[in-house]
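Before reading on, take a moment to look over the sequence and the model together.

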Amino acid sequence: MHKLILKPRREKSLKRLHPWVFSGAVASVQGKPGPGDTVEIRSGSGEFLGMAAYSPRSQIVARVWDWRARAIDRAFFYESIERAVAQRRALLDADATDAMRLVHGESDGLPGVIADRYGDTVVLQLTSAGAERWRETIADALLEVTGAARVWERSDAEVRELEGLTAMTGPLRGAREPTRIAVTEHALMFQIDLEHGHKTGFYLDQRENRRRVRQLAAGRDVLDGFCYTGGFALNALAGGARSVLAIDSSAQALALARDNAERDRLPGVDWIEGDVFQLLRKRRDEGRRFDLIVLDPPKFAPTAAHAAKAARAYKDINLLAFKLLRPGGMLFTFSCSGGVSADLFQKIVAGAALDANAQVQLIERLGPGADHPVALNFPEGDYLKGLICRVAS
Ligand code: SAH
């Protein structure tokens, strides 16, 4: 068995069940493991710490598969995937949606493995050398455990480059067609573009928050910034919004959004292609006002190194949103930046409210649904933070 021996006292984070080994912590490598091969991690004094996947090109040189000394084989992946899928069956209402995350990487004990179910298609995204090494086994297990008809790969996330991996996309099991499929979420239909959709096709982590918007939208003039294929906008209309203005910079996303609106028989959204930063300013200068604003931007800070720049961007759009809200108006504001903590995000939003001269209450804190668990000792998994704020009436 290949072994990674750590430097003295560098076993601390592993003992706290954090699954990453950084290259600087490694004293020596025994054997000749290749990318993705299984290695045993041992402390400087020889204590066993875990079974991990080796990734020599990455700063994260190993990711733990299991904290016990066991074989990492076909059985391991079948068991892990079965456990993850069973958890979703127990925690999610199958009538509410046929689109959900089945495997959430590190937090499900499978570093670098993301699997999302869209109807009878499972979309797989592999982002680590270890996951890459087991692609075929993982695809077989997903097919068998879920009973899905096909597995489609969307391993084109940028982080793969850090692991020395190139993009891989397309059908892994089952038919190539159709590349566009419809899913139902809380009785609304959304189409997923398997080839060109963002991430694996849909922002599944916002499902419960989209529903929350629906519950609070009645009679309101709504603005959905960063609307993608219309998730929040269509929920707002379904909830009885008086008007909905939705903005995104992607023409492709908006084309799908318009099509979704038509199929859901929810006409009346004003879809605008453009930059949210500019368009919010423009609406402010025109004196337009709203009663409910959703801001769900892309991640401005993938890591803590980008936090300061991201903070300015979050502050900018949130400040504009507070200025655009009528008294009693609500802001649903989100960050999916791993590099911005929940605490920092709340401080940024509070600063934006102050600068907008608005008295604002925090009504609710929001996070992802139960299909996006966060392993408590893996804070990197805790990326999505949301706040519902209310401007004083
Ligand atoms: N709320 C959506 C997901 C939003 S993802 C949902 O629930 O499905 C972020 C979106 O922001 C993407 O669709 C991307 O195209 C868009 N985007 C990124 N930068 C933008 C900008 N400066 N102005 C407008 N849209 C932007």
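A polar contact is a pair of N or O atoms within 3.5 Å; within protein, one of the two must be able to donate a hydrogen and the other to accept it, and residues adjacent in sequence count only if both atoms are side-chain atoms. With that in mind, and remembering that this is a predicted model, we can begin with Arg-212, whose side chain makes a polar contact with the side chain of Gln-215 at 2.7 Å.

**Helix H5 and Arg-212**

Arg-212 is found in helix H5. Is Arg-212 buried, partly exposed or exposed? Because buried means under 20% relative accessible area and exposed means over 50%, Arg-212, at 24% relative accessibility, counts as partly exposed. Leaving aside neighbours within four places in sequence, Arg-212 is in contact with Phe-332, Glu-364 and Ile-388. Arg-212 and Gly-239 are 27 residues apart in sequence, and their C-alpha atoms are 9.6 Å apart in space.

Helix H5 covers residues 207–216, and its buried residues are Arg-207, Asn-209, Arg-210 and Val-213. These buried residues pack against helix H6 and against several strands, among them E7 (99–104), E12, E17, E18 and E19 (360–366).

In soluble globular proteins, nonpolar side chains tend to be buried together. In this model the largest nonpolar core has 42 residues, and those with the most contacts inside it are Tyr-118, Leu-234, Val-244, Val-269, Trp-271 and Phe-332. Several elements each supply at least two residues of this core, including strand E15 (243–248), helix H7 (251–263), strand E16 (269–273) and strand E18 (325–335). Which element gives the most to this core? That element is H6, with five residues.

Helix H6 is mostly covered, since seven of its eight residues are buried. The buried residues of H6 are Gly-231, Phe-232, Ala-233, Leu-234, Asn-235, Ala-236 and Leu-237. H6 is followed by Gly-240, whose phi is positive, near 90°.

Phe-332, named above among the core residues with the most contacts, touches residues from several parts of the sequence, including Asn-209, Val-213, Leu-292, Val-294, Leu-366 and Leu-387, when residues up to four places away in sequence are not counted.

**The ligand and its surroundings**

Around the ligand there are 15 residues, of which Arg-210, Asp-248, Asp-275, Val-276 and Asp-296 come nearest. The residues of this shell divide into seven nonpolar, four polar and four charged.

| Residue | Protein atom | Distance to a ligand nitrogen atom |
|---|---|---|
| Ser-249 | polar backbone atom | 3.1 Å |
| Val-276 | polar backbone atom | 2.9 Å |
| Asp-296 | polar side-chain atom | 2.7 Å |

Taken alone, the ligand exposes 580 Å², and the protein buries 90% of that.

**A buried serine in a loop**

Ser-58 lies in the loop between strand E5 (48–54) and strand E6 (60–66). Although Ser-58 belongs to a loop, this residue is buried, with a relative accessible area of 7%. The side chain of Ser-58 makes a polar contact with the side chain of Glu-163 at 3.0 Å. When neighbours within four places in sequence are left aside, Ser-58 is in contact with Ser-23, Leu-162 and Glu-163.

**Backbone details in the loops**

Most residues other than glycine have a negative phi, and most peptide bonds are trans. Arg-9, in the loop between strand E1 (2–6) and helix H1 (12–15), has a positive phi of about 65° although it is not a glycine. At 67% relative accessibility, Arg-9 counts as exposed. Ala-187, which is found in the loop between E12 and E13, has a positive phi of about 70° and is likewise not a glycine. With 70% relative accessibility, Ala-187 counts as exposed.

Where is a cis peptide bond found? One joins Glu-177 and Pro-178, with omega at about -10°, and Pro-178 lies in the loop between strand E11 (168–173) and E12.

Key:
Residues are numbered from 1 along each chain as its sequence is written. This is a predicted model: local features need pLDDT of at least 70, side-chain atom pairs count only at pLDDT 80 or more; totals for chains, interfaces and linings use all residues. Side-chain values use heavy atoms; hydrogens and water are left out. A residue is near a molecule or strand if one of its heavy atoms lies within 4 Å of it. Accessible areas come from the Shrake-Rupley method with a 1.4 Å probe; for residues, only the protein chains shown count as cover. Ala, Val, Leu, Ile, Met, Phe, Trp, Tyr, Cys and Pro count as nonpolar, Asp, Glu, Lys and Arg as charged, and the others, Gly among them, as polar. A nonpolar core is a set of buried Ala, Val, Leu, Ile, Met, Phe, Trp, Tyr and Cys residues joined through side-chain atoms within 4.5 Å. Buried means under 20% relative accessible area, exposed over 50%, partly exposed in between (1.4 Å probe, protein chains only). Helices (H or I, at least four residues) and strands (E, at least two) are DSSP runs, numbered from the N terminus. Contact means heavy atoms within 4.5 Å.
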